[in-house]
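User: Could you show me how to read helix packing and aromatic pairs in a model like this one?

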Amino acid sequence: MNFIYKIPYLSLGIICGTITGLFPGIHPNNIVALSFLILPYFGVDNYILFLIGLVITHYFINFIPSAFLGVPDDETAVSALPMHKLTLNGRGYEAIVLAGFGSYLGVVFSILISLFVISILHFDVKVFYHHIKIFIPFILIAFILYQIFTAKSIWEILVIFLSGIFGIAVLYCSEAFSITLTAIFTGMFGIPLLINNLKTYKIKNQIITFPNFDLKFLKSSLFASIFGFFRIFLPGISGSQLNYILSKILKEKDLKNFIVSQGSIILSNEIFSILAVIFIGIGRSGVARAIQLLNVDLSMNTAIFSILITATVAVIILLNLSKYILLFIQKVNFKILSLFFIAFCSLVVVVGSYNLYLIHHIVVYLTAVCIGLLAVKSNSKLSNMMNVLIFPTIIMFLRG
C-alpha cells in the first residue's frame, strides 16, 4: 500500500525521461546532476523511484531520435544506423516497434535472470565479482584482438585504434565530466549521420505497421539479456559492445532480429547497472552511481516493481508518440531538420561545457566528429568506435 503513495514520483521520472529521450545529446547523467536539487523535497526513497522512472523511460523514448534522425547516445550507438536505414526505406515505425518490443523483453528477462541467479541458485554476485576482477582487462584485450582480426579493411583497424587512443587521451589522461561523454558520443555517432542526412530532402512516406512476430526474437532477446548480466562484471563495455559480440556469436545477419536484440541489451544493460548496486554495491551507470551515493539499502522488490511499471508505461508512450512524430517529420524538409539538430547537439555541448573547460570540450567534440565521419565514409562498423571506452578501461585496471 505504501508504494501507491510513491507512484507520483515514479510518474514524474517517466515524464522527465520522455522529454530527455526525445532530444539527442541530452543524457540522463546530465539530468541527474541537476535533479539533486530536488532531493531535499522528495526524500531519498522517493528520489530513487524518480531516477528509475527517468532512466528507463529515457532509453525507451531515445529510440525515436535514433531511428528517425540517426542520432544516438552511448547506449543506442550501434542500433542507430540499422534503425535509421529502415526509416529511410519507409519502415521507421517498424524499427520503433522492434526496438520497443526487444527492450521490454530485455526488462522482463533481466528480472527473471536476477531472480533465478539470486533466489534459486543463491549465487553470491559480490564474491564472484571479486574473483573475476583480475581477469577483466585481459577479457577486454581479447575482445579488441577479436575486433582487429575480424576487421574487413585497414580503415576499420584505423577506426579501432583512433577511437581507443582518443579515449585514453580524453577519459584517462584528462578530467572527464558527463558533458565529456555527450561530446564524444554525439560527435562520433550523431553528427556524422546527421551530415549524411543533408543529402535527403524528404524521407519516404512511412508505413505505420507492426512487423510479424518471429520466435527467434525471443531467443535473441534472452541471449542479449544474459549478455547484459555481464555488465555487472565488465565496466567499460556498453550494451552496444556486448550486442556486437553477441551478433558475432549468433552469426545473426537479420536486421529485424538485430534491432530486437539491441533493444534487449540496451535495457538489460541499464537494469543490471541498477541491480548491481544491490548485488555488489557498485553502480555501473550514471544513474546507478547516483543511487549508490545515496547510501540507501534499495529493496529488490521495490526496484523490480518500479522497473516493471516504468517499462510498461514507457513502451506504450513509445509506440503512440512515435506515430505522431513520424507523421510530422515526413512532412517537413528533412535537410533543414537535420541542420537544426546539428546546431542543437552542438549547442548542448557548448552550454553543457560552460565553466567546465569549454575549449577542451569543443576540441573533443570536433575530434569525435572527425573520427565518426571517417567510420561512416569508410563503411566501417560504428561499433568499433566504442573502443573509446575500452582502451582507457584496460589501462585503469592494469594500473590498479
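Analyst: Happy to; we will take a helix pair and then some ring pairs. Keep in mind that this is a predicted model.

User: How are two packed helices described?

Analyst: They are described by the angle between their axes and the distance between those axes. Here, the axes of helix H1 (residues 7–22) and helix H16 (residues 300–329) come within 11 Å and cross at roughly 40 degrees. H1 and H16 are therefore oblique to each other, and their crossing is right-handed.

User: Which residues of H1 and H16 make the contact?

Analyst: H1 contributes Leu 10, Ile 14, Thr 18 and Leu 22, while the H16 side includes Ile 309, Val 313 and Ile 317. Sorted by type, the contact of H1 with H16 has eight nonpolar residues, three polar and no charged.

User: And how many aromatic pairs are there?

Analyst: Counting ring centres within 6.5 Å, there are nine aromatic pairs. Take Phe 161 and Phe 391: their ring centres are 6.1 Å apart and their planes stand at 85 degrees, so this pair is edge-to-face. Phe 161 sits in helix H10 (residues 154–172) and Phe 391 in helix H19 (residues 387–398), so the pair ties together parts 230 residues apart in sequence.

User: Is Phe 391 buried or exposed?

Analyst: Phe 391 counts as buried, at 12% relative accessibility, whereas Phe 161 is partly exposed at 36%. Another edge-to-face pair is Phe 213 with Phe 217, with centres 6.2 Å apart and planes at 85 degrees; Phe 217 is buried, at 3% relative accessible area.

User: Which residues do ring pairs link into a cluster?

Analyst: Look at Phe 23, Phe 340, Phe 341 and Phe 344, which ring pairs join into a cluster.

Technical notes: Residues numbered from 1 in each chain as written. Predicted model: local features only at pLDDT ≥ 70, side-chain atom pairs only at ≥ 80, totals over all residues. Heavy atoms only, no water. Axes fitted to C-alpha atoms, helices over the stretch in contact; angles between N-to-C directions. Helix = DSSP H or I, 4+ residues; strand = E, 2+ residues; numbered from the N terminus. Parallel < 35°, antiparallel > 145°, perpendicular 65-115°, else oblique. Left-handed = near helix turned anticlockwise from the far one by under 90°. Contact = heavy atoms within 4.5 Å. Nonpolar A, V, L, I, M, F, W, Y, C, P; charged D, E, K, R; others polar. Phe/Tyr/Trp six-rings, centres within 6.5 Å; stacked < 30°, edge-to-face > 60°. Buried < 20%, exposed > 50% of the residue type's maximum accessible area, 1.4 Å probe, protein only.
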